[in-house]
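The sequence and structure come first.

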Amino acid sequence: MSCGQVVAVLKEMNMDLYNYCSEYYTKKKWLETYAGTMYPIERQSEWEVPQNVKDIIVLPSVERLKSGRPKKRTWEAGWEKKQHIKCNKCGDLGHTKRTCIRRHQQ
């Protein structure tokens, strides 16, 4: 169920929504998170980076990204059968009654 449906069901059953949410989503926890002082980071030129991190070489991806929206891959379950076109006139597979050869032979 999506969140909206869950909220609707809980309201319909007169149940408290907050009994089913993590305490981290409450106003109290949010205020506690940002209660401390946050200092801005210094300029990148002033960062102290350890030498073993500086030595790591990150190479670009070997795989070339294709432009446009990626194609959706659909996987067929083993129990699913492919739909086959069946003729209503002769019962054979692979054509319809409109393109049936036997229809023209009569």
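The text below treats the cysteines, then the patches.

The model is predicted, so local features need pLDDT of at least 70, side-chain atom pairs count only at pLDDT 80 or more, and totals for chains, interfaces and linings use all residues. Residues are numbered from 1 along each chain as its sequence is written, and side-chain values use heavy atoms, without hydrogens and water.

**Cysteines**

Zero disulfides (pairs of cysteine sulfur atoms within 2.5 Å) turn up in a search of the whole structure. C87 is in none, and its nearest cysteine sulfur, that of C90, is 3.7 Å away. For C100 the closest cysteine sulfur is also in C90, at 3.8 Å, which is too far for a bond.

**Accessibility**

Buried means under 20% relative accessible area, exposed over 50%, and partly exposed in between (1.4 Å probe, protein chains only).

| Residue | Relative accessible area | Class |
|---|---|---|
| C87 | 2% | buried |
| C100 | 1% | buried |
| V9 | 36% | partly exposed |
| R73 | 69% | exposed |

**Surface patches**

Patch members have over 30% relative accessible area and no salt bridge; like charges are joined within 9 Å, and nonpolar side chains (Val, Leu, Ile, Met, Phe, Trp, Tyr) within 5 Å. A salt bridge is a side-chain nitrogen of Lys or Arg within 4 Å of a carboxyl oxygen of Asp or Glu.

The nonpolar surface patch consists of V9, M13, M15 and Y20, which together have about 390 Å² of accessible area (Shrake-Rupley method, 1.4 Å probe). V9 belongs to helix α1, residues 3-12 (a DSSP run of H or I, at least four residues).

A patch of positive charge on the surface gathers R64, K66, K71 and R73. Of these, R73 sits in the loop between α3 (51-54) and α4 (101-105).

Conventions. Helix = DSSP H or I, 4+ residues; strand = E, 2+ residues; numbered from the N terminus. Lys, Arg positive; Asp, Glu negative; His and termini not counted. Charge placed at Lys NZ, Arg CZ, Asp CG, Glu CD.
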